Amino acid sequence: MEASLRKLYLLILAIIILPSLIFVVYELGTIRESEKIIEDIYTNQLDAVLYSINQYAEDVVSGWANRISNEQNTNDELQETLSSILVEMPSVSLIYQFDSLFNQISFSSLKDSTNIHLQQIELMLGATEISIGRLITYFKNGYRKIEALDLDDGSQLLLFVSSFRGNQIINALNIDSKEFINTVLDPKLQEIAGERFFITAYFGAEGQMIYSSDKQHIPESVTHKKTFWVLDDYYLGIEMRDKTISDLAWERSKKDLMIIGVVELVLLLGVWIIFRNVKKQMELAQMKSDFVSNVSHEIRTPLALISMYIESLERGMAKTPEKINEYYGIIMQETQRLTSIVNKILNFSQLESGKRKFSFQNTNLNELAENVVASFKVNLENQKFQWNIEQANDPVEIVADKEAITDAVVNLVDNAIKYSAEKKKINIKVGMGEDKAFIEISDSGIGISKSEQKHIFDKFYRVTDRNLAHKAKGSGVGLSIVKQIVEAHEGSISIKSKPGVGTSFRLEFPLIKKQIP
Ligand code: ADP
């Protein structure tokens, strides 16, 4: 049975637990993947935000270029127009306008003296990949490209093409990028950041912060960065206000993990319930099969004795009248034993199927106890038992089926005899409390361990771990019969037992207050 249970256990494990475990491992693997996907989605979103900021910077400068072009084309005073526009362009300190051959068209500066000259611009352009010809070609094709040149003083020169009276001219704007970000772009950056993001700007390889959309709260670290438009060495950063990207991804994964955990628990609980039920059914099947073999064995022994003594009598082997009487006595005793076994089984089967009819009448437990002990007298004497009945002084009257209660007490006395070893002592006590009558059958036998006490009232259950209990004949239905009879009388059965010390069963019944006619 243990081996088949183990097999069943392994089978359940293989069929249900293993696939679900594989599933969990797989899910855990994919959680990392989905975390990555979610991270990618957020990263792309942040990228899009940064892209829109760069686009806005481009739009601002394109707006300036359009304004310069519009106003200069409608106004003859080139220099003056440029100066008046320059005043309205924050962060721009100087504008040069020249043609593709570096001939100056106009020049305007906010400072009195400037250390940038056309020749210098020409030289610097020569040292970079920026080509005036290419900017003009782009412009002719409808795209105004803006390029930036780094100057020694840390400022930048923005270069773009505008049209002037049908020709393309080059504009060079000297801007202070830090100021450009903090004054020109700031309102837009604030708007985009809103309640959700921190937007920051940095300069140089060390990442010195030169701008934050939230002046009070500067984020400790920014996980997402991008180069700032055409401004070399400037970077834009973005971070979520409440949670980082990995926080968000982990939140999703946590939910998934919790669902998987709950599913696993439900699955394990289901497996446990199935396993327990199957185990119970297997144990019951085993007990039933033991029952059949125990009963067969119990019936076979008296039958063998009866037939042996009858045969001896037939053959005239008993010569003296005493011997003949002795043989008859044995045959009688074994027949009674057989009858009691068959009755016990019939009793059990009737109780189990609910067919047992009880006929209730006033019953005195004092008398009943005395009668049962009397029926065991010869048996007790033969086996050298000491016994004692403690009767109550007054009659202990209950409403009961006398025969059924007798059966119950007989079963208990029978067990007390069967499960007593060296110390052969039996005590039967009858008494009453306020509204309860009781009969207690105690022995000084082998006792029953606490763990077994839970099961002994189950049908077919037998204790098999100790020698005597194992050897003693029985069917495992005795205590189940007692319990069912007691409960049919609205009574209860309780046990006090200690291995090696003894056992005491107590049956309690409601006392009658008024007589039954
Ligand atoms: P059985 O036919 O085996 O006696 P019962 O239902 O009467 O079946 O009892 C169930 C089990 O309880 C027995 O197998 C025995 O191990 C244990 N038991 C019952 N009565 C006693 C007792 N007085 N002392 C020790 N063990 C007992």
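1. In this predicted model, a polar side-chain atom of Asp-443 is placed 2.9 Å from a nitrogen atom of the ligand. Two further polar side-chain atoms face oxygen atoms of the ligand: one belongs to Tyr-419, at a distance of 2.8 Å, and one belongs to Arg-462, at a distance of 2.5 Å.

2. On its own the ligand has 520 Å² of accessible area, and the protein covers 99% of that area. The space that the ligand takes is also the largest cavity.

3. The ligand has 19 residues around it, and those that come nearest are Asn-415, Tyr-419, Arg-462, Ser-475 and Leu-479.

4. As to which elements build the shell around the ligand, at least two residues each are supplied by helix H9 (402–418), helix H12 (478–488) and strand S16 (502–510).

5. A separate point concerns Leu-257, a residue of helix H6, which spans residues 245–314. Its relative accessibility is 28%, and Leu-257 therefore counts as partly exposed, since that class lies between the limits of under 20% for buried and over 50% for exposed.

6. When residues up to four places away in sequence are left out, Leu-257 touches Leu-28, Ile-31 and Trp-250. The C-alpha atom of Leu-257 is also separated by 9.1 Å from that of Val-24, although these two residues are 233 residues apart along the chain.

Methods. Residues numbered from 1 in each chain as written. Predicted model: local features only at pLDDT ≥ 70, side-chain atom pairs only at ≥ 80, totals over all residues. Heavy atoms only, no water. Helix = DSSP H or I, 4+ residues; strand = E, 2+ residues; numbered from the N terminus. Buried < 20%, exposed > 50% of the residue type's maximum accessible area, 1.4 Å probe, protein only. Contact = heavy atoms within 4.5 Å. Near = heavy atom within 4 Å. Polar contact = N/O pair within 3.5 Å; in protein donor to acceptor, adjacent residues only side chain to side chain. Areas by Shrake-Rupley, 256 points an atom, 1.4 Å probe, with all protein chains shown as cover. 1 Å grid on protein atoms, 1.4 Å probe; cavity = no way out; pocket = protein on both sides within 12 Å on 5 of 7 lines; lining within 4 Å. Sits in = over half its atoms within 2 Å of the grid points.
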